[in-house]
Amino acid sequence: MSRQSESLLSVGIIGSGIAGLITALALKEKGYFVHLYEKTKHLGEGTCSWFAGGMIAPWCERDGADDIIRDRGVEALEWWERHYEGTVKAGSLVLSAARDRSEVIRFGRCTQEHQTVNEDSLNRLEPDLCGRFQEGLFYPREAHIDPRLALPALEMRLKNAGGVVSRDVEVQAEELKEDIIVDCRGLAARTDLPKLRGVRGEMIRIQTRDIHFKRPIRLLHPRQPVYVVPRDKDILMVGATSIETDCQAPITVRSAYDLLEAVQRLHPALGEASIIEASAGVRPAFPDNIPDIEQHGRIIYANGLYRHGFLLSPWCARKVVEQIQAQEGAVA
Amino acid sequence: MSLKLYGCDISSRLLLGTARYPSPAMLKEAIQAAKVEIVTVSLRRESLGLQNEQRAGQSFWSLIQQSGARVLPNTAGCHSVREAVKTAHMAREIMGTNWIKLEVIADDMALNPDVFGLVEAARILNEDGFKVFPYTTTDLGVGERLMQAGCHLLMPWAAPIGSGQGLSDRNALKAYRRHFETVPLIIDAGIGRPSQATEAMELGYDALLLNSAVAKSGNPVLMAQAFRQSVRAGRDAYLAGPIEPYEGAMPSSPMIGRAYLS
């Protein structure tokens, strides 16, 4: 074992968003020497992962996306269950108002692994929605996590496994001493990856004691679809807009209005909830909105996770590991 | 024969909107697969960027430009003459074209045109040197007013925007075609399926503009190709001149000279 460890390469990872963290963990698990570099001081600062929904929903995410998202996302279910004990496997629900029923039909047609549920089953799944919806789609295999709990837990896990984490350091890949560098900087890597673009997402967190959900709920609507993900302490995360701009400014009035209007359609009592946060982040995306891994010399770029950081990082990390192993094999 | 819109020869009779695609790459692929020459782009948050950050929305905009299609900016979501005129001017500056698809929306839920505002905005924009593509109803009087306001083509709806209902008032669309015999007419909004597109083209409409029917389908690239074929089929059928329906059967084989085998 020790001989084998000596022969392994050292890897520097830049960026401690979800892609960087999971890649670092995956490499550490294979016995590599791992050093994670992060330019911000505090956890969650400067990364769009902090504002994510945290839905591990490979089937639901197929809507408005590509089969590839589903195919690459399924492995995340097992990954999260094995690596993070806060993973909630309670499935997800897709609903619409009665008059937007065609949206549910369309959603069901382009996705798999769902059951059509009637009012009775809906009431059993989410008692607080009692009587408000007559039918919907249930995806029993899907899961969710809270990114703001999962990110620190994964970082702790990495450190416990012997990975080194340096915060508050801005590094250049070329200057790092490690044998291989994995660049997981997201949009900051745009200077090296010209095809990368920013897609702005805005979210709101609300708090209420009156309404509790057990799983993420997507409320379809032809214009303003919205999702709600339950968090600890009576908090619900409401998301998310998708705007073709890399503007980092705070949430706009219009987006806040749209999200809040939509969430009240799920349940009017949510109109009485307190708004505890409204934020905006910018996701890194390639033109096809599908993540990609490319290598320039000893630098591997893993980027373009778009809306799917928590869903697709396990796939991304596995691919990076395989690429490094292949190179190591070639050297040996 | 190609279609002439404000002096430009256009060979593709299918126009596409650019909203709600799964990704910019898929939008580009759909445009190219269906050989679309004109795409409409809304000048809103996407292209302007927020808080005057000039660069903010440029990636999406440059991806649309790379598709090679001619851009027809629109004033989607504008509710007043002033708003629509201002949007048109901004679009001309940013997108470098004097073409404008003019929408003045009356009601946010129904997305029906405010025809009074439409005629007024069309007059102002034509005087300002724009080439106006007005999104209108099948009302003949409104169509006349738009022509008087300087429009050289008309874009009546088939059904409400995004509804996919198809030709909801076929007789009105037929009458519209008959009335504006020599005016280029483009069906704008309401088409959901290729068969409906064929039907519109069989009525003699010159072209068709779509968005949701392609963007929100299960496979936008394949659906764009299906629409290309259906528009072509309808156009060819119109030019060829379909037969009229007849009550009862009509034998395809000539009856005279038939052999009697008794």
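## A tour of the annotated binding site

Start by selecting B:Gly190, which sits in the loop between strand E9 (186–188) and helix H8 (194–202) of chain B. Keep in mind as you look around that this is a predicted model. Is B:Gly190 buried or exposed? Its relative accessibility is 4%, so B:Gly190 counts as buried, the cut-off for that class being under 20%.

Next, show what surrounds this glycine. Setting aside neighbours within four places in sequence, B:Gly190 is in contact with B:Ala159, B:Pro160, B:Ser163, B:Gly164, B:Gln165, B:Gly166 and B:Gln196.

Now widen the selection to B:Gly162, B:Ala189, B:Gly190, B:Asn211 and B:Ser212, which the UniProt annotation "binding site" (unreviewed entry) covers. These residues are spread over 51 residues of sequence, yet they cluster in space, with a largest C-alpha distance of 9.4 Å.

From that group, pick B:Asn211. You will find B:Asn211 in the loop between strand E10 (207–210) and helix H9 (212–215) of chain B. With 22% relative accessibility, B:Asn211 counts as partly exposed. Which residues does B:Asn211 contact, leaving aside its neighbours within four places in sequence? Colour B:Gly17, B:Thr18, B:Ala19 and B:Tyr21 to see them.

Finally, move over to chain A and select residues 11–322, where UniProt places the feature "domain: FAD dependent oxidoreductase" (unreviewed entry).

Note on methods
Residues are numbered from 1 along each chain as its sequence is written. Chains are lettered from A and ligands numbered from 1 in the order in which they are written. This is a predicted model: local features need pLDDT of at least 70, side-chain atom pairs count only at pLDDT 80 or more; totals for chains, interfaces and linings use all residues. Side-chain values use heavy atoms; hydrogens and water are left out. UniProt positions are given in the numbering used here, feature names are shortened, and annotations may be inferred rather than shown by experiment. Helices (H or I, at least four residues) and strands (E, at least two) are DSSP runs, numbered from the N terminus. Buried means under 20% relative accessible area, exposed over 50%, partly exposed in between (1.4 Å probe, protein chains only). Contact means heavy atoms within 4.5 Å.
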